[in-house]
Amino acid sequence: MVKSEILISVRDLNLYYGKKRSLKSISLDFYENEITALIGPSGSGKSTLLRSINRMNDLVANVTITGSIFYDGKDIYGPKMDTVELRKEIGMVFQQPNPFPFSIYENVVYGLRLKGVRDKQLLNELVEKSLKDVAVWDDVKDKLHDSALGLSGGQQQRVCIARVLAIGSEVILLDEPTSALDPISAGQIEKLLLELKDRYTMVIVTHNMQQASRISDRTAFFLEGELIEYNTTKEIFIAPNKKETEDYIAGKFG
Ligand SMILES: Nc1ncnc2c1ncn2[C@@H]1O[C@H](COP(=O)(O)OP(=O)(O)O)[C@@H](O)[C@H]1O
Ligand SMILES: [Mg+2]
């Protein structure tokens with residue numbers, strides 16, 4: 001087994017929405033070129049933790065955060081962090097595919113245009129490469145200038161992932177990326193994430209225990225804002241240490 005390096009370290013992270021403490025002293029590491037699954041019932045803080053990693057919670061009013069998250073050794077909550085840059089390096093994919101109401105091509109180059117990339121040939125190359133990476137190129141290469149909204153849900157989600165790849169993200173945060181998709185599209189996205197693991201580090205929130213066990217290397221189980229247990233996915237699913245983890249995985253609550 002390859003020994004992975006730590007890419008992101010969360011240290012004693014607390015997050016309050018107003019007075020409500022929704023993350024309670026969370027510490028854990030995310031490893032390079034691995035998929036880490038965040039599991040737990042609704043409201044346990046999974047999305048909140050995910051959004052903390054690229055500082056999307058900064059956009060929510062009345063949020064207070066204490067503790068640290070180190071990405072490549074840099075404190076992302078430190079005074080020198082450029083959040084616009086951070087969100088390019090750590091991209092996000094949501095539950096509901098959210099293509100912009102533009103062409104497929106413009107969706108993929110959106111971030112690149114914001115970055116000021118004008119070289120048409122470079123844009124064309126990056127569109128082709130990113131759409132090939134998400135295995136949708138053959139489906140769309142003859143209609144790149146048609147609206148992305150005309151694609152199926154699964155294709156839209158791939159285009160959203162391609163958008164993250166095109167901008168050069170190193171980390172992809174995925175918040176229940178397949179739960180709005182039919183089982184076949186969901187399976188295709190899972191396969192895609194496994195293929196992307198060679199080049200990207202991913203953190204995925206999922207309600208689907210089979211999905212977590214199929215695709216993730218490590219799994220973190222959350223309950224009411226606390227990290228109850230974190231281990232290799234194998235250990236979590238075969239021999240969990242905590243009763244709560246065992247009960248959740250067995251479907252006794254959630
Ligand atoms: N924008 C917000 N404002 C206030 N409370 C929020 C907000 N987002 C989430 N919460 C609260 O934080 C807790 C954790 O929510 P969330 O991270 O969405 O959980 P999960 O993704 O595990 O379902 C819940 O109690 C939720 O109500
Ligand atoms: Mg959530």
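Predicted model: local features only at pLDDT ≥ 70, side-chain atom pairs only at ≥ 80, totals over all residues.
**Notebook: sheet first, then the ligand**

I started with the big picture and found six strands forming an open sheet, in the order S6-S7-S8-S3-S9-S10, with mixed pairing.

S6 runs parallel to strand S7 (residues 171–175), and four bridges join the two.

Helix H6 (residues 153–166) touches S6 and S7, and its direction makes about 170° with that of S6. Helix H7 (residues 183–196) packs on the sheet as well, touching strand S3 (35–39), S7 and strand S8 (201–205). I noted the H7 direction at about 150° to that of S8.

I moved on to the hairpin of S1 and S2. Strand S1 (residues 6–17) and S2 run antiparallel, with eight bridges joining them. Leucine 13 stands opposite isoleucine 26 in S2. Two residues sit between the strands, and glycine 18 takes a positive phi near 65° in this hairpin.

Last stop was ligand 1. Which residues come nearest? I got Ser22, Gly43, Lys46, Ser47 and Thr48, out of 13 residues around the ligand. By class, I have three nonpolar, seven polar and three charged residues in the shell.

Where does the shell come from? Strand S2 (20–31) and helix H1 (46–53) each supply at least two residues. H1 gives the most, with four residues.

I listed the side-chain polar pairs one by one:

- Serine 47 has a side-chain N or O atom 2.8 Å from an oxygen atom of ligand 1.
- Serine 22 puts a polar side-chain atom 3.0 Å from an oxygen atom of the ligand.
- Tyrosine 17 has a side-chain N or O atom 3.5 Å from a nitrogen atom of ligand 1.

To finish the ligand page I looked up its cover. On its own, ligand 1 has 560 Å² of accessible area, and the protein covers 63% of that.

Definitions and conventions
Residues numbered from 1 in each chain as written. Chains lettered and ligands numbered in written order. Heavy atoms only, no water. Near = heavy atom within 4 Å. Polar contact = N/O pair within 3.5 Å; in protein donor to acceptor, adjacent residues only side chain to side chain. Areas by Shrake-Rupley, 256 points an atom, 1.4 Å probe, with all protein chains shown as cover. Nonpolar A, V, L, I, M, F, W, Y, C, P; charged D, E, K, R; others polar. Pairing = 2+ DSSP bridges. Contact = heavy atoms within 4.5 Å. Axes fitted to C-alpha atoms, helices over the stretch in contact; angles between N-to-C directions.
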